[in-house]
Amino acid sequence: MTSSPVLDLGRLAKLREALLAASYTADGCLDLLGPAGYAALARSEAVPALRATRGGSPLETLVRLFLLQRPVPYAAAAAALPVEDCLTDGWLIRDGETVRATVDVRPYANEVAGLPSADAWVVSDLGCAVGGAGGIGSGETAHGVARKDLVLGVGGASTTLANLAVRRPVREALDLGSGSGVQALHAARHAQRVTATDLNPRALHFTRLTLALSGFENVEVAEGSLFEPVGDRKFDLIVSNPPFVISPGSRFVYRDGGMAGDDLCRSLVRGAAAHLEPGGYCHLLANWQHVKGEDWHDRLAGWVAGTGLDAWVVQREVQDIAQYAELWLRDGGDHRGSGSDYQTRYEEWLETFEAAGVEGIGFGWITLRAGGAARPAVRIEEWPHPVEQPLGPHIESWFARQDFLRTHDDAALLAARYLLADEVVQEQVGAPGAEDPEHVILRHNRGMRRATKVDTVGASFVGVCDGTLTAGEIIDAIAHLLGEDRVVLRDRTPESLRLLTEQGFINPVI
């Protein structure tokens with residue numbers, strides 16, 4: 001294993017105490033750097049943060065040392081943390097009268113819906129906390145670490161996945177492909193026990209460092225690919241930010257799946273059913289191929305078919321094969337190498353895609369649930385629009401509404417009571433001065449932030465959904481006011497009820 005800090009629980013506790021004492025936390029760094037400086041750091045721009053950390057306080061020293069990865073005077077480091085312990089365990093290296101960090105230690109707000117935010121720290125390789133490995137230069141090694149073994153820190157994908165997961169007290173959780181342990185950090189707050197797996201033994205060591213430095217002892221690690229390390233064990237929650245990149249090789253363990261095309265993500269979906277407890281959830285980020293002559297919806301439906309799992313698949317973005325190749329060549333730092341090497345690798349990506357008939361790559365998330373229904377609910381959709389994070393509570397509500405719809409026929413839907421969801425607004429569209437609108441739009445400002453067109457009856461219906469009257473009673477009253485046949489109106493209402501419930505504009509009173 002490539003050199004990395006030693007895990008000593010006693011000395012890690014002292015280091016954690018020093019970080020807290022210096023306010024080296026997400027909030028503390030935000031207060032020090034200001035919103036603009038903090039945002040610039042997230043873009044790997046260090047100048048604003050350097051300007052804000054010239055005072056020499058313990059917090060400023062720690063920001064320079066671990067976030068900006070600049071040498072600091074030994075005396076300043078000694079005033080901020082147990083410097084000799086850190087030198088002994090390999091967190092720091094001394095060079096004369098200065099010391100420098102060997103790893104990135106990034107403050108992280110460990111937020112879980114329904115619980116107060118907790119201070120945590122994510123340990124990763126230098127230069128790999130934001131934007132992949134693209135900023136560490138070209139070559140086969142970076143900071144003395146083989147590029148293929150690099151361990152990334154917190155990025156947009158990891159925070160997206162953390163916000164998607166359904167958070168509730170559970171017994172067993174699995175972080176599959178743990179990397180630096182971001183998902184395990186979140187799961188450790190609401191699971192009795194977390195198992196973190198990875199193919200890269202170095203990543204598992206970083207996971208241990210992240211969890212131990214953040215004060216968690218309920219996480220165990222296991223080395224191996226996909227579900228192999230956990231045998232036939234079952235979990236209440238599975239989260240995975242897997243190496244989903246569809247590439248012509250397996251250069252980087254942290255991102256390249258090592259299987260043909262999108263087979264790795266398909267294997268995860270197919271394998272989840274055998275490892276979920278009844279009612280358990282599996283959340284994963286994924287890429288999938290758009291193949292000439294094939295509807296991508298059908299491709300993803302094929303992944304889920306026969307698993308017995310409820311599924312909600314959301315495609316957030318599609319890139320053509322040239323865009324996709326450029327994105328991941330830059331992630332790997334190839335754009336910093338010689339022009340001929342970059343061109344050769346670029347052509348290899350395009351040739352591989354063209355040979356397989358791949359025209360584009362979809363990015364998105366997949367949520368699976370062991371609902372136990374004879375006819376699982378499966379929704380596969382494209383939604384590139386902004387959503388509200390954390391989305392986990394809304395995802396859980398969506399699956400609960402599927403259970404309701406699955407067990408209620410038209411008559412039962414009309415006999416049920418409903419509540420208008422929070423923050424639903426109505427927009428009327430029509431020509432200026434017209435007596436009546438051409439149509440009415442319901443817009444939801446929470447969750448997926450959907451909008452749907454309704455007629456006058458639909459708008460009137462949702463406006464009085466306060467849980468006191470059944471849907472049928474409301475429809476009868478509307479029919480009386482509009483002078484319409486209530487039987488005809490009742491016959492056409494269940495379809496709208498299903499749509500409004502499925503999309504979360506109204507919620508059944510259960």
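1. The second largest cavity in this predicted model holds about 40 Å³ of space. Its lining is made up of Arg11, Leu12, Leu15, Pro82, Asp85, Cys86, Asp89 and Trp91. Two helices, helix 1 (9–21) and helix 6 (83–89), each give at least two residues to that lining. Sorted by type, the lining of the second largest cavity has 5 nonpolar residues, 3 charged residues and no polar ones.

2. How many cavities of 30 Å³ or more are there? The count comes to 2. The largest cavity has a volume of about 70 Å³. It is lined by 14 residues, and those closest to its centre are Val245, Ile246, Gly257, Met259 and Gly261. The lining of the largest cavity splits into 7 nonpolar, 5 polar and 2 charged residues.

3. Arg255 sits in the loop between strand 11 (235–240) and helix 10. Is Arg255 buried or exposed? Its relative accessible area is 4%, and because buried means under 20%, Arg255 counts as buried. The side chain of Arg255 has polar partners in the model. One of its polar atoms lies 2.6 Å from the backbone oxygen of Trp328. The side chain of Arg255 also makes a polar contact of 3.0 Å with the side chain of Asp331. With neighbours within four places in sequence left aside, the residues in contact with Arg255 are Pro243, Phe244, Val245, Trp328, Asp331, Gly332 and Trp349. Val245 was also named above, among the residues closest to the centre of the largest cavity.

4. Helix 11 covers residues 296–304, and its buried residues are Trp296, Arg299, Leu300, Trp303 and Val304. Why do these residues lie on the same side of helix 11? They cover an arc of only 140° around the axis, so they share one side. As background, an α-helix has 3.6 residues a turn, so residues three or four places apart point the same way.

5. Just after helix 11 comes Gly306, which has a positive phi of about 85°.

6. Gly372 is found in the loop between strand 14 and strand 15. Its relative accessibility is 70%, and because exposed means over 50%, Gly372 counts as exposed. Gly372 and Pro278 are 94 residues apart along the chain, yet their C-alpha atoms are separated by 6.9 Å.

7. Which peptide bond is cis, with omega near 0°? It is the bond from Gln389 to Pro390. Pro390 belongs to the loop between strand 15 and helix 14 (392–406).

8. Glu423 has a positive phi of about 60° although it is not a glycine. Its place is in the loop between strand 16 (417–420) and strand 17 (424–429), and at 47% relative accessibility Glu423 is partly exposed. Arg449, which is not a glycine either, has a positive phi of about 55°. Arg449 lies in the loop between strand 18 (439–444) and strand 19 (451–454). With a relative accessible area of 37%, Arg449 is partly exposed.

9. Glu502 is part of helix 18, which covers residues 486–502. Its relative accessible area is 11%, so Glu502 is buried. When residues up to four places away in sequence are not counted, Glu502 touches Arg379, Trp398, Arg401, Gln402 and Leu405.

Note on methods: Residues are numbered from 1 along each chain as its sequence is written. This is a predicted model: local features need pLDDT of at least 70, side-chain atom pairs count only at pLDDT 80 or more; totals for chains, interfaces and linings use all residues. Side-chain values use heavy atoms; hydrogens and water are left out. On a 1 Å grid over the protein atoms alone, a cavity is a set of points where a 1.4 Å probe fits but cannot get out, and a pocket is an open set with protein on both sides within 12 Å along at least five of seven lines; lining residues have an atom within 4 Å of a point. Grid points are joined across faces, edges and corners, and a volume is the space filled by probe spheres set on the points. Ala, Val, Leu, Ile, Met, Phe, Trp, Tyr, Cys and Pro count as nonpolar, Asp, Glu, Lys and Arg as charged, and the others, Gly among them, as polar. Helices (H or I, at least four residues) and strands (E, at least two) are DSSP runs, numbered from the N terminus. Buried means under 20% relative accessible area, exposed over 50%, partly exposed in between (1.4 Å probe, protein chains only). The arc is that of the directions from the helix axis to the C-beta atoms. A polar contact is a pair of N or O atoms within 3.5 Å; within protein, one must be able to donate a hydrogen and the other to accept it, and residues adjacent in sequence count only if both atoms are side-chain atoms. Contact means heavy atoms within 4.5 Å.
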